[in-house]
Amino acid sequence: MLIVGTFLIVQLIPGDPAQVMAGPDASQAQVERIRQEQGLDQPLFTQFTDYAGGLLEGDLGTSFSSGLPVSEIIANRLPFTAQIALLAVVIALAVSVPLGMAVAVACRGGRRKALDTAFTSVTAVLGSIPEFVLATLLIMFFAIKLNMFPPSGAATLDSMVLPILALTIAPICTLARVVRRETAAVLSMDYMRTAKGRRLKALRLYARHALPNLMTSTLTLGGLVLTGLLGGAVIVEFVFAWPGLGTGVLDALVKRDYPVIQGVVLLLGVLATLLNLLVDVVLGLLDPRSLHGKAGDA
């Protein structure tokens with residue numbers, strides 16, 4: 001289904017790639033010649049079989065605009081996307097889980113309602129801001145007004161700060177709210193009250209007894225949130241002129257470069273699938289009952 005989807009999605013893009021490659025002043029004969037050279041004059045089913053056959057041989061095709069293999073273009077851009085995406089995932093999890101647990105512990109039993117309200121309100125507002133709006137605001141404040149970080153490019157390490165911030169703020173807010181809710185539910189259980197009555201140290205009480213029991217639902221939703229982070233990376237990279245897959249696919253959209261679009265979208269789909277698979281594996285390690293349940297359903 002992923003292969004079919006990546007092939008059909010480019011057919012919905014308006015415009016003729018042969019006309020774009022030929023240029024605005026090209027004659028109809030030149031356009032037709034390019035269409036034949038690229039196989040765009042073939043029936044749709046023939047184009048799909050050629051595309052699928054190439055994938056089976058490990059060939060993602062050749063870029064219409066640059067003439068380079070799509071695999072080479074992806075190999076050059078993937079490290080830049082991997083840098084900010086992997087760091088964003090790690091930071092989102094490292095910040096949201098302790099933050100959500102800390103707020104839940106501080107506000108348990110209805111205490112500190114002002115803190116709970118402020119946390120809910122702030123995370124709801126920040127989590128609803130689209131990535132491109134947040135990226136633009138970060139550039140205006142930290143790059144232009146304060147001149148703390150470069151507004152674009154990937155020449156220095158500090159150029160990664162703003163793209164990662166733009167990617168992580170919304171996932172942090174979403175996950176932190178989930179963790180706060182789940183932690184509150186775990187703290188109300190009998191075994192937690194018993195453990196607390198034994199006067200266990202806070203680190204042991206919350207890290208050993210509470211954390212494993214709230215991570216199942218947190219990671220389930222977290223997998224969806226972090227998968228969406230891959231899509232957000234496409235927009236964020238464009239705003240910050242980050243030379244990753246996002247900038248590459250948007251440039252390919254402008255040029256109607258079908259092979260590059262298909263290759264990048266296919267890769268992002270595979271990465272999203274692998275991320276969800278990784279979440280399932282981690283859930284199985286944390287709670288083996290989830291694996292037994294899926295085996296029973298099968």
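Author: Here is a short chat about some residues, their surroundings and the salt bridges.

Reader: What kind of model is this?

Author: This is a predicted model, where local features need pLDDT of at least 70 and side-chain atom pairs count only at pLDDT 80 or more, while totals for chains, interfaces and linings use all residues. Residues are numbered from 1 along each chain as its sequence is written, and side-chain values use heavy atoms, with hydrogens and water left out.

Reader: Is Thr6 buried or exposed?

Author: Thr6 is buried, because its relative accessibility is 2%. Buried means under 20% relative accessible area, exposed means over 50%, and partly exposed is in between, with a 1.4 Å probe and protein chains only.

Reader: And what does the side chain of Thr6 make a polar contact with?

Author: One partner is the side chain of Tyr51, at 3.0 Å. A polar atom of the Thr6 side chain also lies 2.8 Å from the backbone oxygen of Ile3. A polar contact is a pair of N or O atoms within 3.5 Å; within protein, one must be able to donate a hydrogen and the other to accept it, and residues adjacent in sequence count only if both atoms are side-chain atoms.

Reader: Which residues does Thr6 touch, not counting residues up to four places away in sequence?

Author: Leaving those out, Thr6 touches Tyr51, Gln262, Val265 and Leu266. Contact means heavy atoms within 4.5 Å.

Reader: New topic: where is Pro243?

Author: Pro243 is in the loop between helix H10 (202-239) and helix H11 (245-255). Pro243 counts as partly exposed because its relative accessibility is 27%.

Reader: How far apart are Pro243 and Asn76?

Author: In sequence they are 167 residues apart, and in space 9.0 Å, C-alpha to C-alpha. Not counting residues up to four places away in sequence, Pro243 touches Arg77, Phe80 and Ala154.

Reader: How many disulfides are there?

Author: The count is zero, where a disulfide is a pair of cysteine sulfur atoms within 2.5 Å. Cys107 is buried at 9% relative accessibility, and Cys173 is buried at 7%.

Reader: OK, and how many salt bridges does a search of the whole structure find?

Author: The search finds five. A salt bridge is a side-chain nitrogen of Lys or Arg within 4 Å of a carboxyl oxygen of Asp or Glu.

Reader: Which residue does Arg35 pair up with in a salt bridge?

Author: Glu32, with the closest N and O atoms 2.7 Å apart. Both lie in helix H3 (residues 28-37), three residues apart, which is about one turn of the helix. Arg35 is buried at 14% relative accessible area, whereas Glu32 is partly exposed at 32%.

Reader: What about Arg180?

Author: Arg180 forms a salt bridge with Asp116, and their closest N and O atoms are 3.7 Å apart. Arg180 lies in helix H8 (residues 161-187) and Asp116 in helix H6 (residues 113-127), so the pair ties together parts that are 64 residues apart in sequence. Asp116 is partly exposed, at 22% relative accessibility.

Reader: And what do Asp251 and Lys255 do?

Author: Their side chains meet in a salt bridge, 3.3 Å from N to O. Both lie in helix H11, four residues apart, about one turn of the helix. Asp251 is partly exposed at 36% relative accessible area, and Lys255 is partly exposed at 35%.

Terms used
Helix = DSSP H or I, 4+ residues; strand = E, 2+ residues; numbered from the N terminus.
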